[in-house]
Amino acid sequence: MRKIDLNNFQVATSETARDINSRIMLNLVRKHQPISRADLMRHSGLQRSTVSVITEQLISERWLREGEVGQLPRGRRPTFLHLNEDRAGIFGINVRPFMTNMALANLEGRFLEQESMATPTSPDEFVKQISERVHALMKERPQMSYEGIGVSLPGRVDLSSQKFIFAPNLGWHEEDLKERLERATGLPVDLENEANACALSEFWFGRHSDSVSNLIAVAVSEGIGVGMILNGQIVRGPSGLAGEFGHVSINENGPKCGCGNHGCWEVFASNSAAVRYYSDAKAAHRNGKNGKNGKNHHQPGDVSFEDLLQLAEQGDLLALESLDRMAHHLGRGIAMLVTGLAPDIIVVVGEVTRAWDRLGPIISDVVKQRSFTHPTTRIIASGPAPQPRLRGIIALVLQKHFGAPTIA
Ligand SMILES: [Zn+2]
């Protein structure tokens, strides 16, 4: 049960009930399509006349379309209803420190177009390049109407100003990206933190039971971001900064982090950490062999995380040890989430899941040892969806039509 926010509420009008029922209907069609009106009555418990009025309206607004005619032994043959998936196009943009991916998706979240580019070095260049691509793609499909643009960012977004406020791994400064991108494209823009986008992706598109309403995404890349959906809602906190578990210090004598602290969780458990473990081990190994007391620091650009995964797949011992160490530290942080928040599911997202067969059990063991409450949280690797951030950011825009309405 939510408390009524007396600073931000909408009183119920006669349209409110129809609005809610119409969203329920859209979701029922999405889940059970193709579906007849009779089955919609059965699933919703609404009267035939109500179902008929709402479906007519949704058809006239082009949210639903009528498909084939069903086969019944006798009586009137039902016409099945489908989501009109090409009713609206949604642009998803996933900004990562080096690479930016972009997709155009339909109402079902299916990608119609996909492209990628090197991440522009400045927000100015970003707005220019993205709006050019958006205009070009819209021109290619003039029959489609466009709902909006969702942008997933490796940083946090202030909810009230929609300014991008915290992005230690991207190097862009506080920016009013939303307004500038809206002006350049003419479409509504939503910004979201990448870990929240991953949580949304798993929540909307993951194959979980409808009773799952507490789900946490741990997005592992150059850093670690945590996105939380608790009681079915994304938790952002008043400033949009909630979820920065990656920057909770777990060892104050640890290496310095991009945020200024020492020994943050991500300094021990991110892709960059594994690369550092490997380079240090390699240097130590080399020095040991030569008997020299050489420099023990790796040169940046030595190996990438991708290289490390490949080395591990080939059975390279140092690479395997580095990944094991990373997994051990991932387990430490995940144990904190399990003990503190006891969600239904924790989903780990990132390249690291490629080695899940080996690393998953290490993480589970650490969590078992450290989380004395033993809740029933399932720890899983994100599914085969190749672009969880893109899918999640598209889900964010879709939520406006399929999510529960915010009243009172
Ligand atoms: Zn930090």
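Which domains does the domain assignment of the protein chain give? The assignment gives domain 1 (14-83), domain 2 (88-202 + 394-402) and domain 3 (211-382), with bounds that come from an automatic or database domain assignment. Before selecting anything, note that this is a predicted model, in which local features need pLDDT of at least 70 and side-chain atom pairs count only at pLDDT 80 or more, while totals for chains, interfaces and linings use all residues. Residues are numbered from 1 along each chain as its sequence is written.

Select residues 14-32 and 48-60, which are helix H1 and helix H3; their axes are 10 Å apart and they pack at an angle of about 75°. Helices (H or I, at least four residues) and strands (E, at least two) are DSSP runs, numbered from the N terminus, and axes are lines fitted to C-alpha atoms, for helices over the stretch in contact, with angles running from 0 to 180 degrees between N-to-C directions. H1 and H3 are therefore roughly perpendicular to each other, a term that covers 65 to 115 degrees, whereas angles under 35 count as roughly parallel, those over 145 as roughly antiparallel and the rest as oblique.

Showing side chains here, you will find Arg-18, Asn-21, Ser-22, Met-25 and Leu-26 of H1 meeting Thr-50, Ile-54, Thr-55, Gln-57 and Leu-58 of H3; two residues are in contact if their C-beta atoms, placed from the backbone, lie within 7 Å. By class, the residues of this contact of H1 with H3 are four nonpolar, five polar and one charged, where Ala, Val, Leu, Ile, Met, Phe, Trp, Tyr, Cys and Pro count as nonpolar, Asp, Glu, Lys and Arg as charged, and the others, Gly among them, as polar.

Next, move to the loop between H1 and helix H2 (37-44), where Pro-34 is found; the peptide bond from Gln-33 to Pro-34 is cis, with omega near -5°. In the loop between H3 and strand S1 (64-69) lies Arg-62, whose phi is near 70°, a positive value in a residue other than glycine. Most residues other than glycine have a negative phi, and most peptide bonds are trans. Arg-62 is exposed, with 12 other C-beta atoms within 10 Å; a residue is buried if 20 or more other C-beta atoms lie within 10 Å of its own, exposed if 12 or fewer, and partly exposed in between, with C-beta atoms placed from the backbone.

Now select the open sheet of five strands in the order S5-S4-S3-S6-S9, in which the pairing is mixed; two strands pair if DSSP finds at least two bridges between them. Its edge strands, each pairing on one side only, are strand S5 (111-118) and strand S9 (189-193). Strand S3 (residues 88-95) and strand S4 (residues 99-105) run antiparallel and are joined by six bridges, and Phe-91 has Leu-104 in S4 as its bridge partner. S4 and S5 also pair in the antiparallel sense, over seven bridges, and in their hairpin, which has five residues between the strands, Gly-109 takes a positive phi near 80°.

**Where domain 2 meets domain 3**

Colour the two domains separately: the C-alpha centres of domain 2 and domain 3 lie 26 Å apart, and the contact takes 18 residues from domain 2 and 23 residues from domain 3. On the domain 2 side, H6 gives the largest share, seven residues.

Which order do the strands of the open sheet of five strands with mixed pairing have here? The order is S12-S11-S10-S13-S14, with strand S12 (233-234) and strand S14 (378-381) as the edge strands. H6 packs on this sheet, touching S10, strand S11 (224-230), S12 and S13. Five bridges join strand S10 (residues 215-220) to S13 in a parallel run, and Ile-216 stands opposite Ile-346 in S13.

Finish at Ala-342, in the loop between helix H10 (317-341) and strand S13 (345-349): its phi is positive, about 40°, although it is not a glycine, and Ala-342 is partly exposed, with 14 other C-beta atoms within 10 Å.
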